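Good morning, and thank you for coming. Please look at the structure that I am about to show, and keep it in view while I speak.

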Amino acid sequence: MSVNYGSKRVVSGAHYGLRDWLAQRVTATLMALFTLVVLVQVIFTSGPLGYEGWAGIFAAQWMKVLTFAVIVALLYHVWVGMRDVWMDYVKPVGVRLALHVFTLVWLVGCAGWAIQVLWRL
């Protein structure tokens, strides 16, 4: 007989809860730090901030690398969140699979577009 309560509870499932919870926090922290870096650069930019000013902020190679890392973190953050929403609230397996595929295709498209914009500067 399987006991499903107390200290001898049988734990089953995908076992990814802690990893994904931690990934959400790490990626959110990286995005928050990136936002602070951009805000500091905007605050300390002299003169009006037009296209040339924004292009100047993102022209340095270290900023492009940091922005790329944040794009990857954002994509993973969104994937984990949306995957959890689909798994929690969409019960028909076919619909859930279609939403997972749509989300992945959309995120890959957004990544391509963001990287194209970043390296076009």
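I begin with a definition: the expected span of a helix is 1.5 Å times one less than its number of residues. Helices themselves are DSSP runs of H or I with at least four residues, strands are runs of E with at least two, and both are numbered from the N terminus.

Two remarks on the source are needed. This is a predicted model, in which local features need pLDDT of at least 70 and side-chain atom pairs count only at pLDDT 80 or more, while totals for chains, interfaces and linings use all residues. Residues are numbered from 1 along each chain as its sequence is written, and side-chain values use heavy atoms, with hydrogens and water left out.

The protein has 4 helices and 0 strands, and from the N terminus the order of its elements is α-α-α-α. Of its 121 residues, 25% count as buried; buried means under 20% relative accessible area, exposed means over 50%, and partly exposed lies in between, with a 1.4 Å probe and protein chains only.

Let us apply the opening definition. Helix 3 has 29 residues, which should span 42 Å, and its end C-alpha atoms are 42 Å apart, in agreement.

Which residues of helix 4 are buried? They are His100, Thr103, Leu107, Ala111, Ala114 and Leu118. In helix 3, the buried residues include Ile71, Leu75, Trp79 and Arg83, and their cover includes helix 1, helix 2 (51-57) and helix 4.

How do helix 3 and helix 4 pack, at what angle and how far apart are their axes? The angle is about 170° and the axes are 10 Å apart. Here the axes are lines fitted to C-alpha atoms over the stretch in contact, and angles run from 0 to 180 degrees between N-to-C directions. The two helices are therefore roughly antiparallel, a term for angles over 145 degrees, whereas under 35 is roughly parallel, 65 to 115 roughly perpendicular and the rest oblique.

Contact means heavy atoms within 4.5 Å. Among the residues that meet are Phe68, Leu75 and Trp79 in helix 3, and Leu99, Leu107 and Ile115 in helix 4. The residues of this contact divide into 16 nonpolar, 4 polar and 3 charged. Ala, Val, Leu, Ile, Met, Phe, Trp, Tyr, Cys and Pro count as nonpolar, Asp, Glu, Lys and Arg as charged, and the others, Gly among them, as polar.

Asp20 pairs with Arg83, with the closest N and O atoms 2.3 Å apart. Asp20 lies in helix 1 (residues 17-43) and Arg83 in helix 3 (residues 61-89), so this pair ties together parts 63 residues apart in sequence. Asp20 and Arg83 are both buried.

Asp20 also forms a salt bridge with Arg19, at 3.7 Å between the closest N and O atoms; Arg19 is exposed, at 55% relative accessibility. In the remaining bridge, Asp84 joins Arg83 at 3.3 Å. Through shared partners, Arg19, Asp20, Arg83 and Asp84 form one network.

Note on methods: Salt bridge = Lys/Arg side-chain N within 4 Å of Asp/Glu carboxyl O.
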